[in-house]
Amino acid sequence: MSADCRGKWGAVGSDSVVAERGVVTVFASIIVSALLWSVALTRLRRWRNSRSVLTLGTAVVFIFMALHTTVNLGAVDRLISEAVGVANATSAVKHGIFFGICLGASIIIVALRVPDVDRQRRWIAPLSVGATAATAVAVALFFSAEDAPQATDGYQFDELYVHLPGYAESAAFVMGVAAVLCTVITVVVLLGWDLGTPSGRGLAILACGVAVLASYAWIRGGYIVAARLGWVETSTYALDLTTQLALIGAVLTTLGLLWSSIEGIFRSQKQRRDFAELYTVVVKERWPGVVRDSWTSFDPSRRTADRASEVLDALSMQADADKLPEHGSPATPESVARWVDTGESGGIGIDGLRPPGGFDAVKWVRAVGRAFEDLRARGEAEMQK
């Protein structure tokens, strides 16, 4: 930016400070963008398999969050503006991206508050139309402003221009919608969580994150309006504060949306540890042909369920090899574990290898796996004596 432009629009600080901030921002944005794109594509794949409205809303949120962090890169910011042919046009693009995040959040609200799946899906079209209309309003207001020199990044744009006519109305409109929506989401989530479940704990974290984002939107929107009307002097304090709030809110919101999956990963790992030794013996060593192709699945619960099913398939193969009868004595986890370890069936039949009433495949295989591990541990202890 030339000296004349600096004099017209105001100084932005020393070059060294700007450069240092730019380097940190670039690396942070690249890392965050890569993580968000990875999560977004994972959620999109899950939605294609499940067609869940909640998963769709989550996928939309992560896709637009990933887009936002990507266009925040200074080089990408300037590239978009050059492609559009209007200085600072990327800030208008960000308004559209922001309403994309709002669309995903709105879909999540519908999924949480509307129990019927068909009714949930009927909300998607009007919400999409509303987000598109809001984007059109924000962009129209933005391009009604007088041209200003190209800023180096979004932060500098806000620092220099966000209080000017056109830019201020556009930004205030976006912040107003975000403030109201985030406040509504916070209230909705607070009414619907249950700390006794993984999804409920995720909603609790999500509520905290969205509440912080609501504070960000109210404060930044208030500052923009006040600066536009001349009630306050332009300052970077509100921008710096809200930038920090936005980061904290985004982290908490992302963590809340992912919490159920994070717990699912650790829960599935613990479940598989319960029958790891049994799995090694009956599947890997005796009947490797029963292995399924879900090892690369993104869903840890599916991987665990398939590993348990592989154990049951292997036990069935072993029963055929040992010529167990179709019907036999009632089986317990201990009797099944003893048969696997010693070959002594104790009168159990093939029907005894199936999960009894009140047990799903994972729960039953875990019980047998723990019994098998205890049996082998006792055997090793006796041998050492």
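**Exercise 1.** Work out how helix H7 and helix H10 cross, and which residues touch.

Step 1: find the helices, which are DSSP runs of H or I with at least four residues, numbered from the N terminus. H7 covers residues 154-161 and H10 covers residues 237-274.

Step 2: look at the axes, lines fitted to C-alpha atoms over the stretch in contact, with angles from 0 to 180 degrees between N-to-C directions. The two axes come within 10 Å and cross at roughly 145°.

Step 3: list the contacts (heavy atoms within 4.5 Å). H7 brings Tyr155, Asp158 and Glu159, while H10 brings Leu239, Asp240 and Thr243.

A quick note on the source: this is a predicted model, where local features need pLDDT of at least 70, side-chain atom pairs count only at pLDDT 80 or more, and totals for chains, interfaces and linings use all residues. Residues are numbered from 1 along each chain as its sequence is written, and side-chain values use heavy atoms, leaving out hydrogens and water.

**Exercise 2.** Decide whether His68 is buried, partly exposed or exposed, and find what it touches.

Step 1: locate His68 in helix H3, residues 53-71.

Step 2: check its relative accessibility, using the cut-offs buried under 20%, exposed over 50% and partly exposed in between (1.4 Å probe, protein chains only). His68 has 21%, so it counts as partly exposed.

Step 3: skip its neighbours within four places in sequence, and you get contacts with Lys94 and Ile97.

**Exercise 3.** Find the average confidence of the protein.

Step 1: The average is 84, and 89% of the residues score at least 70.

Note on methods. Helices (H or I, at least four residues) and strands (E, at least two) are DSSP runs, numbered from the N terminus. pLDDT is the predictor's confidence in each residue, from 0 to 100.
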